Amino acid sequence: MTAADKALRLGTRRSKLAMSQSGHVAEAVRQLTGREVELVEITTYGDTSREHLTQIGGTGVFVTALRDALVRGEIDFAVHSLKDLPTAQPEELTLAALPLREDPRDALIARDGLKFTELPAGARVGTGSPRRMAQLNAYALSHGLTIETVPIRGNIDTRIGYVEKGELDAVVLAAAGLHRIGRVEEITELLATDIVLPAPGQGALAVECTATNGELAAMLAELDDPLTRVAVTAERALLAALEAGCSAPVGALADLLADGQIATEMRLRGVVGTTDGTALVQLSTTGPVPSSEDEALALGRELAAEMLAKGAAGLMGERAL
């Protein structure tokens, strides 16, 4: 059997969402290359630990085991949710493709089909994200609503289960994940990005392989969406420049402003706040669509510098020195 006939091994986490995401990418790679792709299930520390993500090092804990398997040659490539990836990219690995992004927004799933402003006073809203807590509490404060944000963990089914069992009035999840596992019908409100900015890179997938495997990287690059890449590069540059890990209360979204069918400008918005919502720094900048990775990085760093000048650093809790 030649190398070209051998099945490609795609490393994935075991969760329903990860398997669904990896299955979509596997199918795209099969179509592209004519080669078989087998899913290799890998358990990560983030999947087995019951601690809150902020205590075990943020969402990067979902990534390490997959990356280790890549470096050891146990798998040929891996699929990650981009928002789980630490902003520093290891030299031995390359992000070969960032496919077209799914809806980046956050979604509310509330009891009785309620929207956020219809929740009863004192409603318990579950989320595992300090970013969501900061913005939901800020929005509630500014609209005279009283909510209690409750930290939760677990997969999508577990989180929605808290609402179904009546333990919580609502949960907030990434719309993209609900799309990918076919539970979009349960969304009671897609939260507008001027209410809650998503996590940097939310809704995007990252397809990663070793930097030395040039042939595979070139093949996977066919799945790359250039506009998704510049948008998420700017968002992640903002996150990195704020020296914030994946668990920090930072939201960012780069969206393309189109003139007819042609994207002419990119707007980057960033937010950081205290989890109780009493202090937020929210800024935006608009410029030409970046034509290179360097331009996208510069856009993110410039906005981060403005946010730091406005006091963002003091809102993020402990900073790594």
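This is a predicted model: local features need pLDDT of at least 70, side-chain atom pairs count only at pLDDT 80 or more; totals for chains, interfaces and linings use all residues.
Me: How many residues does helix α9 have, and what is its reach from first C-alpha to last?
Reply: Helix α9 covers residues 293-309, which is 17 residues. At 1.5 Å a residue, 24 Å is expected. The model comes close to that, with a reach of 25 Å.

Me: Within what arc do the buried residues of α9 fall?
Reply: The buried residues are A296, L299, G300, L303, A304 and M307. In an α-helix, residues three or four places apart point the same way, because there are 3.6 residues a turn. Seen down the axis of α9, the buried residues line one face, so their arc is 125 degrees.

Me: Which elements do the buried residues of α9 pack against?
Reply: The face turned away from the buried side carries D294 and A309, both exposed. The buried residues, in contrast, have packing partners. These are α8 (226-241), β12 (262-273) and β13 (280-288).

Me: Which strands are the edges of the five-stranded open sheet?
Reply: The strand order is β7-β6-β8-β5-β9, with mixed pairing. An edge strand pairs on one side only. That gives β7 (147-151) and β9 (189-190).

Me: Which residue of β9 is the bridge partner of L108?
Reply: Strand β5 spans residues 106-110 and runs antiparallel to β9. Two bridges join them. The partner of L108 in β9 is E189.

Me: At about what angle to β8 does helix α5 run?
Reply: Helix α4 (130-142) lies across β5, β6, β7 and β8, at about 175 degrees to β7. Helix α5 (156-164) lies across β5 and β8. Its angle to β8 is about 155 degrees.

Methods
Residues are numbered from 1 along each chain as its sequence is written. Side-chain values use heavy atoms; hydrogens and water are left out. Helices (H or I, at least four residues) and strands (E, at least two) are DSSP runs, numbered from the N terminus. The expected span of a helix is 1.5 Å times one less than its number of residues. Buried means under 20% relative accessible area, exposed over 50%, partly exposed in between (1.4 Å probe, protein chains only). The arc is that of the directions from the helix axis to the C-beta atoms. Contact means heavy atoms within 4.5 Å. Two strands pair if DSSP finds at least two bridges between them. Axes are lines fitted to C-alpha atoms, for helices over the stretch in contact, and angles run from 0 to 180 degrees between N-to-C directions.
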